[in-house]
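Please examine the structure shown below.

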Amino acid sequence: MSIEIRRAVVADAELVLTMLGELAAYQDQQQYVTASVADWQGFLGREEVIVLLAEVDGVAAGYVSALRRPYLWVGGDQLALDDLYVREQFRDAGVGRKLMLGLARHALPDRLPIGWGLRLENTAGYRFYERLGAKLVTKTAASWSAEAYESQLSE
């Protein structure tokens, strides 16, 4: 089995969105995916959006996505990992590790830290990231929707 990692290009927008939909369905979160192929075409044309695709013998096996953004505490940039997804038939074959190492290779020239979040119930994810040597810190993520903050502004 040959695993190839490459950076996604604009022409990969539909494929990336399809896999994002698969990930959302797996997490029972598909109602939150509102991005379109056109949105993804725009994202993939931006330098700060990094999406790496894994292909196993030419078949799309998964992706990792991240954003290069300022990291205000350290006075430089970081890669904020958004998603790591491996299609079910390719799990436990080293695809996720190859994707993470591909992201690390992308970050290394500028020595960018890579940060991400994961759900508390994702025990397999915790084990995976610990095997990579990642430091895991429990933290709660918060989200403030436009509807919620708009109602606060109108008071």
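**Loops, a helix and a pocket**

Asp28 lies in the loop that runs between helix H1 (13-26) and helix H2 (37-44). The model is a predicted one. In this model the phi of Asp28 is near 55°, a positive value in a residue other than glycine. Most residues other than glycine have a negative phi. Asp28 is exposed, its relative accessible area being 56%.

A further aspartate, Asp57, is located in the loop between S2 and S3. The phi of Asp57 is near 50°, again a positive value in a residue that is not glycine. With a relative accessibility of 55%, Asp57 counts as exposed, since the cut-off for that class is over 50%.

Attention now turns to helix H3. H3 comprises 13 residues and spans 19 Å from its first C-alpha to its last, close to the 18 Å expected at 1.5 Å a residue. Its buried residues are Val95, Gly96, Leu99, Met100, Gly102, Leu103 and Ala107. Viewed down the axis of H3, these buried residues fall within an arc of 155°, so they line one face of the helix. They pack against strands S1 (3-7), S2 (49-56), S3 (59-71), S4 (76-86) and S5 (114-115), and against helix H4 (123-131).

Helix H3 (residues 95-107) also supplies five residues to the lining of the second largest pocket, the largest share. This pocket holds about 270 Å³ of space. It is lined by 13 residues, of which Met100, Ala104, Ile114, Trp116 and Leu132 are the closest to its centre. By class, the lining has eleven nonpolar residues, one polar and one charged.

Conventions:
Residues numbered from 1 in each chain as written. Predicted model: local features only at pLDDT ≥ 70, side-chain atom pairs only at ≥ 80, totals over all residues. Heavy atoms only, no water. 1 Å grid on protein atoms, 1.4 Å probe; cavity = no way out; pocket = protein on both sides within 12 Å on 5 of 7 lines; lining within 4 Å. Points joined across faces, edges and corners; volume = space filled by probe spheres on them. Helix = DSSP H or I, 4+ residues; strand = E, 2+ residues; numbered from the N terminus. Nonpolar A, V, L, I, M, F, W, Y, C, P; charged D, E, K, R; others polar. Expected span 1.5 Å × (residues − 1). Buried < 20%, exposed > 50% of the residue type's maximum accessible area, 1.4 Å probe, protein only. Arc of directions from axis to C-beta. Contact = heavy atoms within 4.5 Å.
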